[in-house]
Amino acid sequence: MKIAVLPGDGIGTEIVAEAVKVLQALDLKFELETALVGGAAYEAHGHPLPDSTLKLAQQADAVLFGAVGDWKYDKLDRPLRPEQAILGLRKHLGLFANFRPAICYPELVGASTLKPEVISGLDILIIRELTGDIYFGQPRGRRTAVDGHFPGADEAFDTMRYSKPEVERIAHVAFQAARKRNKKVTSVDKANVLETFQFWKDVVTEVHAQYPDVELEHMYVDNAAMQLVRAPKKFDVVVTGNMFGDILSDEASMLTGSIGMLPSASLNAKNQGLYEPSHGSAPDIAGKGVANPLATILSAAMMLRFSLNQPEAAERIETAVKAVLAQGLRTPDIHSDGTTKVGTADMGAAVVKALR
Ligand code: NAD
Ligand code: IPM
Ligand code: MN
């Protein structure tokens, strides 16, 4: 089993180091190969996703990814910006299905900004379409406006679009995931305004005919954003487009206590996957040794389950994470009175120690 390890920038290197320690402590036969990506790759090779890194990711059984980006790269031409690395990996590997499970561990009920009764026992799954939508739609760019409110002015444009097969395949993923859970799918759209999302809604409804055992509800994204903090436990599987899924998953992370707790899996049609925390490179805390590594460690568990056929090892990691939380160990983002504040490396070491 070959795992491509791409730590990236900022806290990416710190949190991936801890996930790697956990993987190595499992005593399974892995080959881990590390490569530069994002700003780090730009510095060394002049490109955020060098061919060698892309090849490594394509040839591996799975990719463990940290995070990319830093404010200092924001002035670069877009194709050279660190974020293009993760977008390029998603596109080149065809990683269209992004699973972002938001689970509130009982020990962390007090870490969220929301009331305990709203989030205790929460277990929802956000399924984000990851290779379409306004993220990848062409054309895009800047030009002089020929119409609109200000003809002759500079303007910028992106294109929101979805094809039928793109919506069908993510809908199948969502209904099949719901079958293994509480059999309810909420499809989040903006069909009242956007043709792209009326189409999305129509296609999801059509696919639903093949899953009569699963309940389907449709919800507008603005309402979904509100319902996620009002009554999140009413959701089971949420399926939505690339941009709405990006935003709603960050919102959902606070239901778990912290963005540092939200893992993710991005899968293609062959179940090859890239595993990364849902958060970014957190330049504000990078280098301080305080980032929460649990989202990345839990992403490694998802990798073992989805791509490497090692469900027992995945469970060992998840059980160890729960044990460490039960011991009261907390990085600053989830720290509260009566718990013990630890740094990134100590948290990683505690998970290693708690492995059965
Ligand atoms: P961010 O997720 O990096 O950080 C948002 C806030 O959450 C910050 O205050 C940060 O300190 C905190 N945070 C994030 N992860 C944490 C962790 N593990 N433990 C404790 N606190 C944590 O989002 P941002 O600040 O908007 O973006 C920073 C950079 O990251 C940008 O360049 C952005 O483009 C990039 N980014 C990359 C990815 C990715 O690589 N997949 C994802 C999101 C953002
Ligand atoms: C994420 C990030 C990325 C996204 C950025 C860094 C391209 O926010 O993985 O959620 O928007 O998909
Ligand atoms: Mn995001």
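This is a predicted model: local features need pLDDT of at least 70, side-chain atom pairs count only at pLDDT 80 or more; totals for chains, interfaces and linings use all residues.
Trainee: Why is Leu 49 called buried?

Mentor: Count the C-beta atoms around Leu 49. There are 27 others within 10 Å. The cut-off for buried is 20 or more. So Leu 49 is buried.

Trainee: Where is Leu 49 placed?

Mentor: Leu 49 sits in the loop between α2 (39-45) and α3 (51-59).

Trainee: Which residues does Leu 49 touch, leaving out those up to four places away in sequence?

Mentor: Val 37, Ala 41, Leu 54, Gln 84, Ala 85, Gly 88 and Leu 89. A contact needs C-beta atoms within 7 Å.

Trainee: How far apart are Leu 49 and Val 173?

Mentor: In sequence, 124 residues separate Leu 49 and Val 173. In space, the C-alpha to C-alpha distance is 28 Å.

Trainee: Now the helices. How are two packed helices described?

Mentor: By the angle between their axes and the distance between the axes.

Trainee: Which residues of α6 and α7 meet?

Mentor: From α6, Lys 164, Val 167, Glu 168, Ala 171, His 172 and Phe 175. From α7, Trp 200, Val 203, Val 204, Val 207 and His 208. By class, this contact has seven nonpolar, two polar and two charged residues.

Trainee: At what angle do α11 and α12 cross?

Mentor: Helix α11 (residues 311-326) and helix α12 (residues 344-354) cross at roughly 120°, and their axes come within 8 Å. The crossing of α11 past α12 is right-handed. Ala 320, Val 321, Ala 323 and Val 324 of α11 make the contact with Ala 350, Val 351 and Ala 354 of α12.

Trainee: How many residues of each class are in the contact of α11 with α12?

Mentor: Seven nonpolar, no polar and no charged. Ala and Val both count as nonpolar.

Trainee: Last topic. What surrounds ligand 2?

Mentor: Gly 69, Glu 83, Ile 86, Leu 87, Asp 246, Ser 278 and Gly 280. Helix α4 (residues 83-92) gives the most to this shell, with three residues.

Trainee: How do the residues of the shell around ligand 2 divide by class?

Mentor: Two are nonpolar, three polar and two charged. Remember that Gly counts as polar.

Definitions and conventions. Residues are numbered from 1 along each chain as its sequence is written. Chains are lettered from A and ligands numbered from 1 in the order in which they are written. A residue is near a molecule or strand if its C-beta atom, placed from the backbone, lies within 6 Å of it. Helices (H or I, at least four residues) and strands (E, at least two) are DSSP runs, numbered from the N terminus. A residue is buried if 20 or more other C-beta atoms lie within 10 Å of its own, exposed if 12 or fewer, and partly exposed in between; C-beta atoms are placed from the backbone. Two residues are in contact if their C-beta atoms, placed from the backbone, lie within 7 Å. Axes are lines fitted to C-alpha atoms, for helices over the stretch in contact, and angles run from 0 to 180 degrees between N-to-C directions. A crossing is left-handed if the near helix is turned anticlockwise from the far one by less than a right angle, and right-handed if clockwise.
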